[in-house]
Amino acid sequence: TTPNSLPASISPSQPRPDGGAAGVLSAGEKVSTIPVTRNIKYSVNFTNLWKRTRHPVDYPDSAHWSPPVIATHNSTFQMWTTGAPASPGVQQVAETGNTATLRSELNKRAGSVSVGRATFNNIEQSQLIQDIELSPTSNFVSTITMLAPSPDWFTGFSNLYPQTNGFWWSSFTVLSYPFDSGTDSGITYSSPDQPTNPAVPVFEINATNSAGPLVLNRNVFPVGSWTFSLQGEQLKTAQGRNVQNGKERQIITGPTFFLGFPAVSPAMSPAENIAPTTTTEIGQPTFTQDLSEYLAPSVPIITKPKENR
């Protein structure tokens, strides 16, 4: 799959086919009137999509999420990305859920950091996380949270630049898939520690590189949903105009598209994005924008499989 190809539409109830580049593709983004030269704050809601009904193989009774970490940064920094080794902080989150080392790493490079709380899936399905600030110098956003228990599996997205033609998005939702930090060779939720030596780069879990419980009939479903929304006076400022190529246009509410990870559907409401039985495809918008505007230039598009899995 190439960065400028138009992949098939998906919803949270549909799997992601094997393969694809590590990138972000937008479908009908809702754009504000706030230029990227101004600072903005988004509220963030993380919603659990890792459920027994969707992921029935060996689903753990104690399934929970570690405290989600959200960071803003510039294009020269990557909290994590596929094809690159996990930092000590990312490894610690993926293996234990502890965020201390990652927060220390981010304190040196990130513009804004918000950390949520651990949530158990049999008790709580979503949480509102403290607002995150983007600025002209910290205009990319990345997230991470551990699937627990697991050897070293996590979800999130990396290096998203939420703007179109120099204007911030007013709201958007990202569906995220499971990843492996490449530091432990366990293949089940309850595998004992099996350090991968040497460690391999972070990779997206799929039927090609994993025989674990997150692969169902060669399909992998999204496990989390991240909804970002402007708040307060910023939201009032953001309403009423949608810009593409410098012209006003109608908001297109279309299906979520994906290109590797994650799928982004700024025009869809959170309810539409997390509907567990959405299978009907609605009008497909025409995609004309270059993927490169959403990615840091250094993000690799090669996903390397983990060995001995």
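Trainee: How many bridges join E13 to strand E16, residues 224–230?
Mentor: Six, and the two strands run antiparallel. Two strands pair if DSSP finds at least two bridges between them. Strands (E, at least two residues) and helices (H or I, at least four) are DSSP runs, numbered from the N terminus. Here Val 174 stands opposite Trp 226 in E16. This is a predicted model: local features need pLDDT of at least 70, side-chain atom pairs count only at pLDDT 80 or more, and totals for chains, interfaces and linings use all residues. Residues are numbered from 1 along each chain as its sequence is written, and side-chain values use heavy atoms, leaving out hydrogens and water.

Trainee: Which other strands pair with E13?
Mentor: Strand E3 (residues 30–35) does, antiparallel, over three bridges. Val 31 has Trp 169 in E13 as its bridge partner. Strand E12 (residues 163–164) also pairs with E13 in the antiparallel sense, over two bridges. E12 and E13 form a hairpin with two residues between them. Asn 165, in that turn, has a positive phi of about 50°.

Trainee: Why is E13 described as largely enclosed?
Mentor: Buried means under 20% relative accessible area, exposed over 50%, and partly exposed in between (1.4 Å probe, protein chains only). In E13 (residues 167–176), 10 of the 10 residues are buried, so the rest of the structure largely encloses this strand.

Trainee: Which residues of helix H1 are buried?
Mentor: In H1 (residues 88–96), they are Gly 89, Val 90, Val 93 and Ala 94. They cover an arc of only 130° around the axis, which puts them on the same side of H1. That arc is taken from the directions from the helix axis to the C-beta atoms. The face turned away from the buried side carries exposed Pro 88 and Thr 96.
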